[in-house]
Amino acid sequence: MRHLILPAALLTASPAFAASEYGFFTLRNTDFVVLIGFIVFLAILLYFKVPGLLAGMLDKRAEGIRSELDEARGLREEAQALLASFERKHKETQAQADRIVAQAREEAERAAEAAKEDMRDSVDRRMAAAESQIASAEAKAVREVRDRAIAVAIAAARDVVSEQMSEEESRRLIDRSIDEVGAKLH
């Protein structure tokens, strides 16, 4: 079909046929010269197979674009896979962080309970120690009161005995006591 367009264009009537006084097919007609130049140009292009080269270049470019699109699709799929992987890892990391926080809370609660228990034990030990000190102080006070009462009773008895006992009776009691001690020692 391409071969028929050029002769048809040459044979059709144009304003250049009517306007030229020498006719269209003369070298003095610039339109004819331009037409011949154009035809020669097209012939050179066909001779050197420029349309095939252009088609090859366009095909090569189309193939390059196709491969770039395929590569872009592959990169997009890879990016989506990476995104999905990162989202999965993010969810796993978030779940792990939640578990760590929950575990830390549980450990803090256990530590607080242990601290409360230690505090109770410490208070109980201190109360027991205080009660023991109070009991010891009470026993000491009772002993001191009893010792003082004994001392007062002895002093009172001495006063009573010394008032009621004569000197001779006192000597006799002392001698008898010495004899008893002597008998028990030998």
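Which residues do ring pairs link into a cluster? They are Phe24, Phe25 and Phe32. Rings of Phe, Tyr and Trp (its six-membered ring) count as a pair if their centres lie within 6.5 Å, and the planes make them stacked under 30 degrees, edge-to-face over 60 and tilted for the rest.

Before going on, a word on the model. This is a predicted model, where local features need pLDDT of at least 70 and side-chain atom pairs count only at pLDDT 80 or more, while totals for chains, interfaces and linings use all residues. Residues are numbered from 1 along each chain as its sequence is written, and side-chain values use heavy atoms, with hydrogens and water left out.

How confident is the predictor? On pLDDT, its confidence in each residue from 0 to 100, the protein chain has a mean of 84, with 88% of its residues at 70 or more. Where pLDDT is low, the predicted coordinates should not be read in detail.

Back to the rings. There are four aromatic pairs in the structure. One of them joins Phe24 and Phe32 edge-to-face, at 5.7 Å centre to centre and with 80° between the planes. Both Phe24 and Phe32 are buried, that is, under 20% relative accessible area, with exposed meaning over 50% and partly exposed in between (1.4 Å probe, protein chains only). Tyr47 and Phe48 also pair edge-to-face, because their ring centres are 5.1 Å apart and their planes stand at 80°. Here Tyr47 is exposed, at 65% relative accessibility, and Phe48 is exposed too, at 54%.

Tyr47 and Phe48 also belong to a nonpolar surface patch of about 720 Å², together with Leu27, Val33, Ile36, Val40 and Ile44. Of these, Ile44 sits in helix H3 (residues 30-47) and is partly exposed, with a relative accessible area of 41%.

Next comes Lys49, in the loop between H3 and helix H4 (50-164). Its phi is near 55°, a positive value in a residue other than glycine. Lys49 is exposed, at a relative accessible area of 60%.

Finally, look at helix H5 (residues 167-185): its 19 residues reach 27 Å from first C-alpha to last, close to the 27 Å expected at 1.5 Å a residue. The number of buried residues in H5 is zero, so the helix lies largely in the open.

Definitions and conventions. Patch = residues over 30% accessible without salt bridge, like charges linked within 9 Å, V, L, I, M, F, W, Y side chains within 5 Å. Areas by Shrake-Rupley, 256 points an atom, 1.4 Å probe, with all protein chains shown as cover. Salt bridge = Lys/Arg side-chain N within 4 Å of Asp/Glu carboxyl O. Helix = DSSP H or I, 4+ residues; strand = E, 2+ residues; numbered from the N terminus. pLDDT = per-residue confidence, 0-100. Expected span 1.5 Å × (residues − 1).
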